[in-house]
Amino acid sequence: MPKDTGIGASSKRREDVRFLSGKGLYTQDIALAGQTYAVMVRSNVAHGKIKSINTANAAAMPGVLAVFTGEDFKDVGGNPAGWLINSRDGTPMREPKRPVLAHGKVRHVGDAYAAIVAETYNQAKDAAQQLADDTEIEELPAIIDMKAAVANPANRVHDEIPDNLCFDWGWIEDNRAAVDAAFKSAPHVTTLELVNNRLVPNAMEPRASIGEYNPGTGDYKLTTTSQNPHLTRLLVAAFVLGIPENKLTVVAPDVGGGFGSKIYHYGEEALVLAAAKKLGRPVRWIAERSESFLSDAHGRDHVTKIELASTKDGEILAIRTETLANVGAYLSNFSTATPTFLHGTLMAGPYKVPHVYVNVKTVFTNTAPVDAYRGAGRPEATFSIERVVDKMCRELGLDPFEVRRKNLLTPDQFPYTTPVGLVYDTGNYQATLDKAVELGDVAGFEARRAASAAKGKLRGMGLSTWIEACGIAPSHLVGVLGSRVGLFDAATVRVNATGNISVMTGAHSHGQGHETVFAQIVADKLGIDESAVDIVHGDTSKIPFGMGSYGSRSLAVCGSAMNKAVDKIIAKGKKIAAHMLEAAEGDIVFEAGKFSVAGTDKAKTFGEIAFSAYVPHNYPLETLEPGLEETAFYDPANFTYPAGAYICEVEVDPETGKVDIASFTCADDFGNVMNPMIVEGQVHGGVGQGIGQALLENTVYDENGQILTASFMDYAMPRADDVPFYTVDHSCATPCTHNPLGVKGCGEAGAIGSPPAVVNAVIDALHRGGHTHVTHIDMPVSPARVWAAING
Amino acid sequence: MFNFDFVKPSTIADAVAAMAQDGAQALSGGQTLTPTMKQRLASPSVLVSLTGIAEMKGVCLGADGLSIGGATTHATVAAEARAHYPALADLAANIGDPMVRNRGTIGGSVANNDPAACYPSAVLASGAVVVTNKRKIAADDYFQGMFSTALDEGEFITGVTFPVPEKAAYVKFNQPASRFALTGVFVAKYASGVRVAVTGASNNGVFRWTEAEAALSASFSAAAVEGLTVSADDLITDLHGTAAYRANLVKVLTKRAVAGAK
C-alpha cells in the first residue's frame with residue numbers, strides 16, 4: 001500500500017511550484033544597486049604565448065571601470081587540485097598553477113586572459129573586443145590528441161611538464177604481476193579498444209557569479225552557481241584570494257542544474273570578488289551559452305584498451321586496462337580523482353573477478369579542463385567492463401544473460417572485498433537481473449524482432465549489469481587515497497517555538513528535490529506534517545559547514561546527518577517531557593508525534609515540547625539548556641553501492657544507420673527509497689543523459705584546438721523524442737548496512753548503467769541482421785557511424 | 001548585438017524605400033539573422049521588417065499554382081497549404097520547432113538559401129517561381145550555390161508560386177543536433193515529368209538529381225532509382241556525415257519519397 005505522506009510517499013516536489021511558475025530566484029535574477037558588468041576576454045587560439053596586452057584603448061572606452069589581466073593576479077594563489085595522486089613510481093602528480101586569469105600563455109580556446117568591468121554589459125562587450133584586438137598572442141602548436149601529446153615531448157602545454165603527463169597511475173600496482181600471470185595462463189582473452197566520448201555538461205542555467213564587498217566591515221559576498229557553497233568558499237578564500245573564510249559569504253541560490261560542472265571553483269568567481277573590492281560596487285558576470293561550451297569543465301574523454309581473461313565457458317578470470325584520460329589544459333578540482341579512485345576502484349564491476357589491474361595516464365592537452373560529470377569515472381568503468389563482457393560472449397558464442405549470472409556476486413558473498421580496494425556491503429544482483437528480464441519481457445523478444453524485421457528494421461537487445469560506489473565518501477578512506485578534503489556532511493534541525501521546523505543542510509539542491517524529500521524524512525520521524533518543515537540550503541551564513549551535492553551523496557551523507565540531528569531533538573524532547581510529565585526519562589517513549597509515559601495515557605505533543613523549550617516556565621533549567629536546535633555531522637563508514645540491471649532494445653534502420661530506442665528497462669537497487677516518484681525521475685534523467693552519450697553527444701576539437709561543437713547546432717543534446725517511455729523498478733532493495741536510513745543514492749545510476757546497454761543493443765541488432773563483422777562502434781553511435789560500420 | 005534602427009513598413013512600396021537606405025537589411029522571421037546579430041557576426045544599421053506587409057502574407061490557389069506570400073510563416077503554410085499541396089504542408093510542419101515555425105517565413109528561408117534548409121528543395125522540385133519586388137525568377141535560375149541566390153542588393157522576396165504536382169513528397173533525414181536536413185529530398189510528379197531536388201547534401205547548395213528525374217519520369221516507382229548511383233563528388237563531409245554517407249541518403253530518401261508521394 002503506497003503511503004501518501006512521509007518516508008516512502010511520492011510527495012509532489014514542492015519546489016516545482018516556483019520553478020514552473022517563473023518564481024525561482026537564480027543568480028542572474030538578482031539585481032543590486034550600483035551593479036557593474038564583467039565580461040571575460042577569452043583566447044581564440046588553443047595554445048599561444050601572450051606577447052603583449054595594451055589595455056589603454058579598452059580602458060578609455062565609454063563606461064569602462066576597470067580592466068584586469070593575468071598580471072593583476074600573478075601574486076595570488078592558484079585554483080588547486082583537490083586530490084593528490086601518486087604515479088606508479090611513487091612520485092607525486094604534476095600540478096601546474098591554474099591562475100585566475102591566464103598569464104604568460106593561453107592554453108585552450110576559451111581560456112580567459114583578461115576581464116573588463118563596465119557600467120553596462122554592452123560597454124563591457126565592446127571593450128572586450130577592443131582589448132582582444134590590442135592583444136598580441138604568438139600561436140604555438142596545439143596539443144590535442146592524447147597519444148601525440150605523450151609521444152611529442154617538445155610540445156608542452158605547461159613548459160615545466162616535459163611529456164604532458166600529470167601522472168601514470170597503477171591500481172593496484174602490487175597486484176600487477178599476478179594479473180599478468182593470470183592472462184598468460186587464460187584459455188581465452190578478449191581485447192577491446194574504445195573511446196569514452198567527451199561531453200559538455202550543458203546545465204540549463206549557464207554559470208553566473210556576483211561579487212560584493214562591504215568596505216565598512218571588510219566582508220565579501222559571492223553569489224554563484226555552485227553545487228557546494230562551502231567548498232567554493234574554502235577554495236576561493238583560503239587558496240586563491242587569501243581572504244579569511246569568515247569574511248566571505250557564499251550563496252548558491254536556485255541553481256539550474258549542475259551535473260558536476262558546478263562543483264568546481266572557477267576563475268570568474270575570484271575575479272568578481274577582486275573587482276568588487278577594487279570598485280566598491282557589485283560586479284556580475286553571467287556566462288553566455290557559448291562560454292559554457294568553451295569554459296565549463298567537460299566530462300569523460302577516456303581512450304581505453306581493456307582486456308578480459310576468461311575460461312571458454314565465460315568465467316571471468318582477470319581484467320586489465322590501460323587508459324589515457326584527458327584532463328585538459330589545467331587541473332580542475334576533482335579532475336585527478338575522477339579517472340582514478342572513481343574509476344579504477346570500480347573495475348571489478350558486480351562480478352567475482354580474482355584479478356584486476358588498472359593503469360591510467362592522465363594527459364594535459366590544449367582543451368578545456370575535464371572533470372567529474374554525472375557518474376564521474378564510474379560510467380567510464382562500467383562502459384569498458386560491460387562492453388568487453390558482451391564482446392567476450394560473442395567471441396565464445398555464449399548467452400550474455402547466462403554469462404552474467406555465472407559471474408555476478410551472490411548475496412551470501414557480502415561483505416565482499418574486491419581486488420581493487422572496495423568492500424561492497426550488500427546487494428542482490430541476481431534479483432535485479434531477474435526483475436529486468438521479467439519487466440523487459442525478454443521471453444517476448446523474438447516476436448518483437450520479427451515485427452521489426454517486417455518493417456525493414458534490425459532489432460537488438462543489450463544488457464548492462466552495473467554497480468557504482470557513491471554516497472561519497474568516508475573521509476578516512478579518501479584521505480589515504482589522496483583527497484585533500486573531508487567528505488562528511490552536516491545538518492542543523494531548528495525547531496521553532498510554535499513547532500514548525502527549519503532544517504539547514506550542507507547538501508545543495510540544484511534540481512534534485514531536497515526541499516521535498518528531506519522534509520518528508522524529518523516530518524515522518526517527528527510525526528508532524530511535511531508542510532511544517534522547511535529546508536534551507538545554499539548559504540554559508542545560514543547552514544552548517546557541509547560539502548555539497550555530487551556523487552549521489554546528498555541523501556546518504558547529508559540525509560544521515562539530518563537523521564542524526566533529528567535523533568538528538570527526540571532525545572532532548574524526552575528529557576523535557578520527562579520533566580513535564582514527572583516521569584523518569586527512561587519511561588518516555590516517542591511515537592507518532594507524541595512523548596508519552598510508557599503504559600499510561602500521560603503524553604505531551606511534539607508542539608507542546610517545542611513551546612516549552614522556548615518558554616521554559618516548567619523546564620529543567622538546572623540540567624538542560626532551553627531551546628530545541630541540534631546540529632549533527634556525519635561521516636560515512638563506507639561508500640554505498642547501488643547496483644542494477646538495464647535492458648535496452650533498439651531498432652536500427654540499416655539503410656540510414658539511424659538507431660531508435662524501442663524500450664529501456666531499469667531494475668535498480670537503491671536500498672530504501674524515500675520518495676519513489678523522485679527516484680524514478682532521477683533514473684529517467686540519468687538514463688536520458690546516458691542515451692545522449694551513447695547516441696548523440698560528442699565534443700570535437702580539430703587539430704588546431706578549435707572546438708567544432710561549440711553550440712547546439714552541432715552538439716546534439718537528447719530531446720524528448722530521442723528517448724522512450726522508461727520501465728523503472730526499484731523493488732529489489734537491499735538496504736545499505738552502514739547508514740541509518742539504509743539508502744544508497746540514485747542520482748548517477750542512470751547515466752552509469754545505460755550507455756553500454758545501448759551500444760550492446762546496437763551491436764546485437766547488427767549481428768542478428770547478419771553484419772557480424774561489426775564488433776564495436778564508438779559513442780556516439782550516430783547514424784553515419786552505424787552506416788559506415790555496416791558498409792565498412 | 002550592436003545598436004540598429006528598426007522600421008516596419010506596411011506596404012511593399014514603403015519597404016522598397018526603406019531598403020534604399022545605407023546599411024539596410026531585410027528582416028523576415030529572423031530565425032537566422034537574429035542569432036547572427038546576437039553573436040555580433042552581423043551589424044546592419046537599419047533592419048527593415050517585412051512582416052507587417054499584409055500583401056506579403058497568406059496562401060492562395062490561383063491559375064499559376066499555389067501562391068504563398070514571402071512573409072507567411074511556416075505554421076501558416078503547414079495549415080493552409082495542406083488542402084492544396086500536402087507535401088509542401090508536411091515540409092513546413094517539420095521545420096524546426098513550434099517557435100521557429102511561428103516566426104520563420106518562406107521568404108526568409110528562400111532568400112537565405114541555407115544549404116541545409118528545407119524550403120529550397122520544394123521550390124526547386126516544384127519548378128516554382130520566386131516573386132520579388134522587381135521581377136519573377138524561375139527556380140532553376142534562382143539558386144546559385146550555398147547562401148547565394150539571384151537576388152540583387154535591396155531586392156526581397158514578396159512571394160513564391162508553386163505549380164501543384166499530381167503527387168509529391170519530402171523526406172528529410174535530420175542532422176542530429178540542429179535538426180536541419182542532413183539530407184532532404186523533395187520529389188514532385190507533374191504531367192510534364194518528375195523533378196527531384198536535394199538539400200543538405202551538396203557543397204553547392206540545393207540541386208536537382210537529373211538521373212533520378214529521368215528514371216522516375218519513365219517509371220514512377222522506388223525500383224526505378226534502385227540501379228542509380230549518386231556521386232559523392234562535391235557532397236558535404238562534416239561532423240555528422242561523410243560525402244559517401246550523404247550520397248547513400250540521397251538515394252534512400254528519394255526511394256522513400258517516391259513510395260510516400262501523395
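This is a predicted model: local features need pLDDT of at least 70, side-chain atom pairs count only at pLDDT 80 or more; totals for chains, interfaces and linings use all residues.
Guide: A crossing of two helices is called left-handed if the near helix is turned anticlockwise from the far one by less than a right angle, and right-handed if the turn is clockwise.

Visitor: In which hand does α6(A) pass α7(A)?

Guide: The crossing of α6(A) over α7(A) is right-handed.

Visitor: What else describes a pair of packed helices?

Guide: In general, two packed helices are described by the angle between their axes and by the distance separating those axes. Here, helix α6 of chain A, residues 229-241, packs against helix α7 of chain A, residues 267-279, at an angle of about 65°, and the two axes are 11 Å apart. Because of that angle, α6(A) is roughly perpendicular to α7(A), the range for that term being 65 to 115 degrees.

Visitor: Which residues of α6(A) and α7(A) meet?

Guide: From α6(A) come A:Thr232, A:Val236, A:Val240 and A:Leu241, and from α7(A) they meet A:Glu269, A:Ala270, A:Leu273 and A:Ala274. By class, the residues of this contact between α6(A) and α7(A) are 6 nonpolar, 1 polar and 1 charged.

Visitor: How is chain A divided into domains?

Guide: The assignment gives domain 1 (10-34 + 207-286), domain 2 (302-473 + 638-791) and domain 3 (488-634). For domain 1 and domain 2 of chain A, the C-alpha centres lie 35 Å apart, and 10 residues of domain 1 are in contact with 12 residues of domain 2. On the domain 1 side of that contact, the residues divide into 4 nonpolar, 5 polar and 1 charged.

Visitor: Is A:Asn760 buried or exposed, and why?

Guide: A residue is taken as buried if 20 or more other C-beta atoms lie within 10 Å of its own, and A:Asn760 counts as buried because it has 28 C-beta neighbours inside 10 Å. A:Asn760 belongs to helix α18 of chain A, residues 749-768.

Visitor: Which residues is A:Asn760 in contact with, leaving aside its neighbours within four places in sequence?

Guide: They are A:Glu386, A:Arg387, A:Asp390, A:Gly462, A:Leu463 and A:Ser464. The C-alpha atoms of A:Asn760 and A:Glu386 are separated by 8.3 Å, although these two residues are 374 residues apart along the chain.

Visitor: How many residues of chain B are in contact with chain A?

Guide: On the chain B side there are 12 residues, in contact with 15 residues of chain A. Helix α11 of chain B, residues 243-260, supplies the largest share of the chain B side, 4 residues, and that side as a whole divides into 7 nonpolar, 5 polar and no charged residues.

Terms used: Residues are numbered from 1 along each chain as its sequence is written. Chains are lettered from A and ligands numbered from 1 in the order in which they are written. Axes are lines fitted to C-alpha atoms, for helices over the stretch in contact, and angles run from 0 to 180 degrees between N-to-C directions. Helices (H or I, at least four residues) and strands (E, at least two) are DSSP runs, numbered from the N terminus. Angles under 35 degrees count as roughly parallel, over 145 as roughly antiparallel, 65 to 115 as roughly perpendicular and the rest as oblique. Two residues are in contact if their C-beta atoms, placed from the backbone, lie within 7 Å. Ala, Val, Leu, Ile, Met, Phe, Trp, Tyr, Cys and Pro count as nonpolar, Asp, Glu, Lys and Arg as charged, and the others, Gly among them, as polar. Domain bounds come from an automatic or database domain assignment. A residue is buried if 20 or more other C-beta atoms lie within 10 Å of its own, exposed if 12 or fewer, and partly exposed in between; C-beta atoms are placed from the backbone.
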